[in-house]
Amino acid sequence: MRIQYNFAFLDEGSKREIRRATLKAIAIPGYQVPFASRELPIGRGWGTGGLQLTLSLIGKSDVLKVIDQGSDESVNAVSIKKLIDKTTGVPATDATEAATLIQSRHRIPEVPLRTGQLLVLQVPMPEPLRMYEPSELETKRLHGEKDYSGAWLMLFEQIMKYRSVSTGADHPVMVNDRYVMAPSPIPKFDNPKMNYSEALILLGAGREKKIYAVPPYTQVVSLAFEDVPFEPESFPGHSCRQCGAEDVFMDELYDSEKEETYYQCNDTSYCLQRMNAQPLV
Amino acid sequence: MGYVAVKGGTRAIEESLKRLQFERLQSGKVIEVEAISSGMRGLVDQVMSESSLYSEELAALAIKQAEGNPEEAVFLLRAYRSTLPRKHYSRTVHSAEMRVERRISASFKDIPGGQVLGASTDYSHRLLDFDLLEETTASATAWLEQYLGMEELDQEAFAQEGRFPKVLDYLRKEGLIADCSVDSTEPDDVTRTSLTFPATRSEKLQILTRGQTGAVTSLAYAVIRGYGMVHPTVGELRVGELPVYIDSPLTQNTDEDEAYYIGEIKVTEVEMLVPATVEKENGRKELELDFGYGLCYGQNETKAIAMSILDKSLEKGDKSIPTQNEEFVLFHIDSVESTGFISHLKMPHYVTFQAKLNDVRKTRKQSTEKEG
Amino acid sequence: MGQISSPIMSVRQLNKQFGKGCEQCSNSDNRKLERNYCRACGTVYSCQNLSFDLYPGEVLGIVGESGSGKSTLMRSLYFDQEVTTGEAYLQPYKEGAVNLFQESSQQQKYIRNHLMGKVYQNPVLGLRMGFSSIGNIAEKMIAAGNRNVAAMEARGSELLDQVHIPVYRMKEAPKKFSGGMQQRVQIAKALSNNPPILLLDEVTTGLDLSVQANVLDLIKHLQRELKISMLLVSHDLGVIRMLADRTMVMLDGRVVEQGLTDQILEDPQHAYTQQLVHSLL
């Protein structure tokens, strides 16, 4: 018994259904469209939502880039690329500019995305109100009534407790002045990149079975009180040890030989590109 | 400089996969897929049930590839399932037409058609059989010859084995359980459309039947131990083969006689009786027997019983009791989903952790500033 | 009072039943009930044709035994549950021209958040026990559109001070407070948006006598100072005597007597009221 896997793994009927849900998501920016999520050869919670979007959209002429935590070479990114390559033969690239389809977990690349590119983000918890209200039926109703007191209350509580917002990654955003949305666990540093993005951003949650979208040129505002402004992570006084970049999201690393902490661009392909452009000393 | 886990992934994965292969093969012995499908019936049935895919051969292959780990085997089959187009829905399967191999009732000694104990470990003593260490194909063949020879007289009964009236029909005739009319609403398909709440009964039953055996069992145990209802009684448990038919794909004909027979599936079906109080006119209360339903691929008796308990429990729907809260039960019992999300914690979370670290430092700085 | 003013809230023919009703009980003019219960079909008529007015700055007491329908009435007015039939009008909402029960749930939320406050007998219903006390108070302000942390914190502290809770405890969760303190946090929350109407449902039931007296004092004080109109439900005529200007007596879902509180206490007309008054020491 030998079988040939389909192009892009999923059967065509499934792909069509996912694309239909995607179209609906684009039509209602920030609204979580339920879909019948398929099981994939990678684990639930390991990017199956993003991967289903990628597999349902990829065509033979696409150029693919996959990053995990900012890195093209991380084990999970490689694993996803291998699967897509095995079932489609579509070439992968590290260069953000060259890619037409970018699947990412927890980062938006440093190089600004442009019209015609498509960013797919993997989402573990699509519901921004979940920690406030455990019931799906209830949160659906709250979105319907645009009742976002819960999202604001969570932020208020943090400010009361810590004197600052400590959402970490996945800081909630208001999309097109209608839906509060979980931007996926990207650092706050990346939130502003969603606002009026030239590229289409799709977000997929496989385990939670939701697809949602930020269409190009859509307003995305990070929730913040009037007197406690939204504050992305910053790395003042630090620059990348490899390429010298300053205004980027950085990894904090420890050099055990020199016994010191140093910083390095989190976006590896961006860093590499900068290094290659620098004249050899 | 030290090793940085997010770089160099390609080679690391290749080496890891080789190592995995080595672990599977290092003893130099290869287990035949056929040996699994014939000798590991329990595991095959469990894996088929949790995968929602009825194929003994593919289940055995998955078990071989997963080295016997059911969570991994189910995962493989579910992923394979995603590549298959849904070409047909079968005609309604009627469990009264089951070719019964085993049926028992805990409610009545004397059920119409009689009890059939069939193959069961229920009354086996769980003593390790050390003879199995020495078992050979020859000894198996010898045993089989002797067994089938002895059973020759019973061959007629063997052939006649089959259709039995349903115990619940008997109770219905007595008026002891409510007559439920046939509900011909087209069932929702949870693998094709997404689950929304409140869930329909068909959605609930589908998610229960493909639930992880352990999870379904544990939650049902909680129901009868104290988080929900009174003691239920197995009205009827039957294990056997059900024929599956599809309507002709070429014509619009939905005539039963024109349908195609595509094979048999072995299932376990449980109809569970649960006492329930019903309010009648004038505030008069009457005790009635309500029932819960369980049906699983293969011989999965504990799971089918547990499913019938959860079915009833979810029908009650008191959200303050976890086992009656449909979101709580249905969202958390799927093997692929729960094991996937638990295991994803192994993935690098460097960016999210860095963002958190940034916040922690900020709040510390602010509190020292405030104090200082 | 004395001057004739128009009511701030009017309720007309409010009905709430639990159960479908049958031939014997559907007609409200000649239904045969045992108390509020139809023996034929088991339907409970919790509120039957309730009509009344609440005037600006007035405290209207509602007294009755448990099961008389007074809490059901309060839940209906705060949209915690839907009425079966009936009308309610609020002067500050669209000039009292719209039946509140016909409004969308979004509008009803607006009314709850801007125009009303409610204090429940059971604080679990009115508070989020695990959130900070200041967060609980802020939730209502957030729901009414406030997005300024400092302003909400200042207002919350002021309210906690008014209800005699030390401001240094504002970040503690109500679950750590005593019953009397929890009621006072509820009152502070209910007052946060300066609502013209306050609904008080058995607020002192279950509290120690000395604590009861404190809470009642507080309510009386607030009423004098803020001139809020209040609907005050209690089974305790003592509470009613202390706070209410006018009183309605409810029995089995109906109003059996109403008038000035003094008048009802001096000269009760209905047998049930007489019994109630005579049992008052």
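The model is predicted. Chain C contains 10 helices and 9 strands. Its radius of gyration is 19 Å, close to the 19 Å that the globule rule gives for 281 residues, so chain C is as compact as a globular protein of that length. Along the principal axes, the C-alpha atoms of chain C fill a box of roughly 60 × 45 × 40 Å. Of the 281 residues in chain C, 45% are buried. Among contacts in chain C between residues at least 6 apart in sequence, those joining residues at least 24 apart make up 67%.

In the contact between the two chains, 16 residues of chain C meet 14 residues of chain A. On the chain C side, helices H2 (105–115), H4 (133–143) and H5 (149–162) of chain C each give two or more residues. H4(C) gives the most, with 6 residues. The chain C side divides by residue class as follows.

| Class, side of chain C that touches chain A | Residues |
|---|---|
| Nonpolar | 7 residues |
| Polar | 5 residues |

Chain A has an open sheet of 6 strands with mixed pairing, in the order E1-E8-E7-E4-E3-E2. Strands E1 (33–34) and E2 (64–68) of chain A are its edges, each pairing on one side only. E2(A) pairs with E3(A) (residues 101–105) in the parallel sense over 5 bridges, and A:Arg105 in E3(A) is the bridge partner of A:Asp68. Helix H2 (residues 48–57) of chain A packs on the sheet, touching E3, E4, E7 and E8 of chain A, and its direction makes about 150 degrees with that of E4(A). Helix H3 (residues 75–88) of chain A lies across E2 and E3 of chain A and runs at about 150 degrees to E2(A).

Definitions and conventions: Residues are numbered from 1 along each chain as its sequence is written. Chains are lettered from A and ligands numbered from 1 in the order in which they are written. This is a predicted model: local features need pLDDT of at least 70, side-chain atom pairs count only at pLDDT 80 or more; totals for chains, interfaces and linings use all residues. Helices (H or I, at least four residues) and strands (E, at least two) are DSSP runs, numbered from the N terminus. The radius of gyration is taken over C-alpha atoms; the globule rule is 2.2 Å times the number of residues to the power 0.38. A residue is buried if 20 or more other C-beta atoms lie within 10 Å of its own, exposed if 12 or fewer, and partly exposed in between; C-beta atoms are placed from the backbone. Two residues are in contact if their C-beta atoms, placed from the backbone, lie within 7 Å. Ala, Val, Leu, Ile, Met, Phe, Trp, Tyr, Cys and Pro count as nonpolar, Asp, Glu, Lys and Arg as charged, and the others, Gly among them, as polar. Two strands pair if DSSP finds at least two bridges between them. Axes are lines fitted to C-alpha atoms, for helices over the stretch in contact, and angles run from 0 to 180 degrees between N-to-C directions.
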